[in-house]
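Me: I have some questions about the labels used for this model. Please set each value against its cut-off.

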Amino acid sequence: MGKWKDFTFSASGREGERCDLRYTGADKDLVIPEAMIAKAGKKATIAISADNGNGLESITMPKNIYDVWLGTLYGAKGLKRITVDPENPYLKDMDGVLYTKDGKRLIKMPCQKTGTYTVPEGVEEIELSAFQYSHLDEVILPESLKEISNYSFQYSELKKVTIPKSLPELEDNVFCDCPKLEEFSFLGDTNIQYGYVDMDPKMEERISGEGFTQPAECYLLACLKRYPNMDKCRRKFIAAAKRGKQEKILEYLLSTLPDTPVEKGTFEIMDMEDGTAAIQSYQGEESVIEIPAEMDGKKITAIGKSAFEKNESMEKIIVPEGVERIEKNAFKGCISLEEAVLPESCTEIGVSAFEDCKILKKLNLPKNLTVLSRKMLKNCKLLDKLELPKGLVKIDNEALYYCESIAELELPESLRYLGKECLYACGCNYGPVLPGEWGYSKKKFAIPASVTQIDDGGNGIFAAYPKAQELFGVFEYKVILQVKRGSVAHRYAAKKKIRFELV
């Protein structure tokens, strides 16, 4: 359609039903020429974009624009007002907000409007991304409303929203990126449409704060009160709320637990060659499980492979004196487990024994334990204290991977081996980046001279942060190592460019 001064204008779509208008000038006030729009025909939708989109403060539209798709200007963070020629038969502005002439569709709210905005009665539809990046505190929605399109309020700063009874359904993406929400409620039976085939793990991630999007707690709580798979997912959601410290969600989930009596669980045992027995499996839903020291006249000396794996009900496990071995995956994925009491008789704990026990807070390691097995406590995110046995000689690969709450950890003088990623993102070398910092802290961490081997495979044994990579071409570590001159740890720190002190 040609090139105008400070504009490019061209047809798009299969039959030219849309025209792309791009403003290439630098003015903060965009005035769209009437003569240019006339080239589009009578009923073309105009998609508006601009090279200085975020710098625009106003848009003035002529009388012959039929409809608008604002394109990249949905993120126009400086926009204060939209003005439409009063003679336009298709569109209008009300207080700087763009509507269709009949007032049934709200097309665009300028981002810079603040305070409370009342959408007029009679509005039936809020357009795609209409309130994206809005600075409003509250939007009052009318009872005439029938549809809110995808992403309408994405990244807005809204603090309060009430969904009217008139709205039959709501896409989950409309409010899931509004982190400042403090109040959110449904007045009716609005059905939430989720964009994932399997929403359950996504909802669990959101509640725990581990998901890609982190919606406000009040929005999540409103969703959970009408969540279709609540009976199936309740235990997972309770554990996620504990991880994410979502107190209101946790209170609701606990208060709505079915009030049914829990029967005592049953154990299956497996005979051992020495005449003792091992716990092979457990069936039950008890929150506190105390394993018997004897069954069928046989002493229990082991917890078998995967014996309690993925138990969702157990909150505390008590292992009796006399148990010498806890085998691979024994308690892996016990999402509700908060405390494990282990006997001093135990000398071996297998691979991944407590992996993904994400809300495990209390665990005593037996004094005679010499190895932290591979992935033994991986992703135990709430474990905040861990006293390592004085005779420990090996921390194997990923043993304490992402134990992010362990702020202090003392390695014993007996230690010989640090495995691949064994302390990666452990709390003693990991945490939030503080304002004004590059991504490192002042934490000091001592590695004894007794350590003779450090496996630097994978991501290394400590978490590194990328900000210094951008500035200086090297990764930055959130730790200052305390090492003895000439030790393996000293050489490791120098090689990896990790800050260190000689002690």
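**Labels and their cut-offs**

Me: Why is Asn88 called buried?
Reply: Its relative accessible area is 0%. Buried means under 20%, exposed over 50%, and partly exposed in between (1.4 Å probe, protein chains only). So Asn88 counts as buried.

Reply: A note on the source: this is a predicted model, where local features need pLDDT of at least 70, side-chain atom pairs count only at pLDDT 80 or more, and totals for chains, interfaces and linings use all residues. Residues are numbered from 1 along each chain as its sequence is written, and side-chain values use heavy atoms, with hydrogens and water left out.

Me: Which residues does Asn88 touch, not counting those up to four places away in sequence?
Reply: Pro62, Lys63, Asn64, Ile65 and Lys101. Contact means heavy atoms within 4.5 Å.

Me: What makes Leu70 buried?
Reply: Leu70 has a relative accessible area of 1%. That value falls under the 20% limit, so Leu70 is buried. Leaving aside neighbours within four places in sequence, Leu70 is in contact with Ile48, Met61 and Lys108.

Me: Why is helix H2 called roughly parallel to helix H4?
Reply: The axes of H2 (residues 199-208) and H4 (residues 230-244) cross at roughly 25 degrees and come within 7 Å. Angles under 35 degrees count as roughly parallel, over 145 as roughly antiparallel, 65 to 115 as roughly perpendicular and the rest as oblique. Therefore H2 is roughly parallel to H4. Axes are lines fitted to C-alpha atoms, for helices over the stretch in contact, with angles from 0 to 180 degrees between N-to-C directions. Helices (H or I) are DSSP runs of at least four residues, numbered from the N terminus.

Methods. Helix = DSSP H or I, 4+ residues; strand = E, 2+ residues; numbered from the N terminus.
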